[in-house]
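Here's a quick tour for anyone meeting this structure for the first time. Have a look at the picture, then read on.

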Amino acid sequence: MTTAVRRADRRVSPVFLALVAAMAASGWYVWTDKLAANTGLAVFLFVVSGWIVSLCLHEYAHARTALHSGDISIGAKGYLTLNPLKYTHALLSIVLPVIFVIMGGIGLPGGAVFIERGRIRGRWRHSLISAAGPLTNILFAAVVTAPFWLGAMDGVPQPFRYALAFLALLQVTAAILNFVPVPGLDGYGVLEPWLPYKLRRQVEPFAPFGLLAVFALLWAPGVNQAFFEAVDAILRVLGVSQIDTYLGQEFFRFWQGEPQTF
């Protein structure tokens with residue numbers, strides 16, 4: 001099978017490079033405290049730009065896996081450029097996730113790349129395409145928490161520590177939510193190829209509402225508590241404490257003023 005793609009179709013977009021530059025610049029400001037009283041604003045910019053970068057990588061993973069599984073239309077659609085503006089549902093994948101981060105500190109899963117599934121043969125390939133996105137969130141979480149679980153946080157400025165912790169929390173929440181086996185989410189996409197055709201046809205109309213149903217459930221106090229207890233447990237394994245993520249979110253909400261650190 002051919003996976004040939006024009007060079008222009010896989011050239012990294014200036015939009016993505018600008019996002020990476022914004023993440024690096026704001027992270028440097030948080031580290032050096034150059035903004036002084038405006039550290040919270042720098043944390044906000046660092047986390048938001050880092051979150052959008054992770055969303056781009058999430059969608060790129062879906063696209064790249066689909067390309068190597070047989071969908072050679074991926075390149076022409078611009079998905080390999082990491083440009084978020086090329087996604088079929090930019091509102092769902094970029095704008096709404098950022099709004100949910102601001103409102104509730106939850107990593108909203110995106111699902112923007114349009115894959116021509118008819119070009120792909122083999123149930124394992126279909127499952128891997130769906131799993132590639134949230135697996136990228138897991139990898140991103142492992143990278144940003146590396147200083148924690150490697151014991152390399154000595155000398156790291158507190159605001160930067162808290163910003164990394166909050167960014168890691170978003171990655172973990174995104175991975176968990178994406179793997180929920182509900183129609184419309186990647187977790188269901190992993191299982192779908194293995195389900196009877198009749199069942200798939202029956203649940204297909206509910207796919208557009210799957211994400212809304214999951215977030216409606218998260219409003220239930222018991223479900224919300226269980227969800228964040230699971231997130232905190234995973235982060236503790238990665239060396240990130242609950243106070244780290246709490247203060248990260250407090251710095252992120254710069255409009256509420258600088259938090260009191262311990």
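## A residue in a loop

Where does asparagine 83 lie? Asparagine 83 sits in the loop that runs between α3 (39-69) and α4 (90-104). Keep in mind that this is a predicted model.

Asparagine 83 has a relative accessible area of 10%, so it counts as buried. Leaving aside residues up to four places away in sequence, asparagine 83 touches Ser13 and Val15.

## Two helices side by side

Now for a helix pair. Helix α2 (residues 14-32) packs against α3 at an angle of about 145 degrees, and their axes are 8 Å apart. Their crossing is left-handed.

On the α2 side, the residues that meet α3 include Phe16, Leu19 and Met23. Among their partners in α3 are Phe46, Ile52 and Leu57. Sorted by class, this contact has 15 nonpolar and 4 polar residues, with no charged ones.

## Rings that pair up

There are 12 aromatic pairs here. Take tyrosine 162 and phenylalanine 251: their ring centres are 6.0 Å apart and the planes sit at 20 degrees, so the pair is stacked. Tyrosine 162 belongs to helix α7 (residues 158-178) and phenylalanine 251 to helix α12 (residues 242-252), so the pair ties together parts 89 residues apart in sequence.

Phenylalanine 252 and tryptophan 255 make an edge-to-face pair, because their planes are at 70 degrees, with centres 6.4 Å apart. Phenylalanine 252 is buried at 0% relative accessibility, while tryptophan 255 is partly exposed at 44%. Ring pairs also link these two with Phe44, Phe166 and Phe254 into a cluster.

Key: Residues are numbered from 1 along each chain as its sequence is written. This is a predicted model: local features need pLDDT of at least 70, side-chain atom pairs count only at pLDDT 80 or more; totals for chains, interfaces and linings use all residues. Side-chain values use heavy atoms; hydrogens and water are left out. Helices (H or I, at least four residues) and strands (E, at least two) are DSSP runs, numbered from the N terminus. Buried means under 20% relative accessible area, exposed over 50%, partly exposed in between (1.4 Å probe, protein chains only). Contact means heavy atoms within 4.5 Å. Axes are lines fitted to C-alpha atoms, for helices over the stretch in contact, and angles run from 0 to 180 degrees between N-to-C directions. A crossing is left-handed if the near helix is turned anticlockwise from the far one by less than a right angle, and right-handed if clockwise. Ala, Val, Leu, Ile, Met, Phe, Trp, Tyr, Cys and Pro count as nonpolar, Asp, Glu, Lys and Arg as charged, and the others, Gly among them, as polar. Rings of Phe, Tyr and Trp (its six-membered ring) pair if their centres lie within 6.5 Å; planes under 30 degrees apart count as stacked, over 60 as edge-to-face and the rest as tilted.
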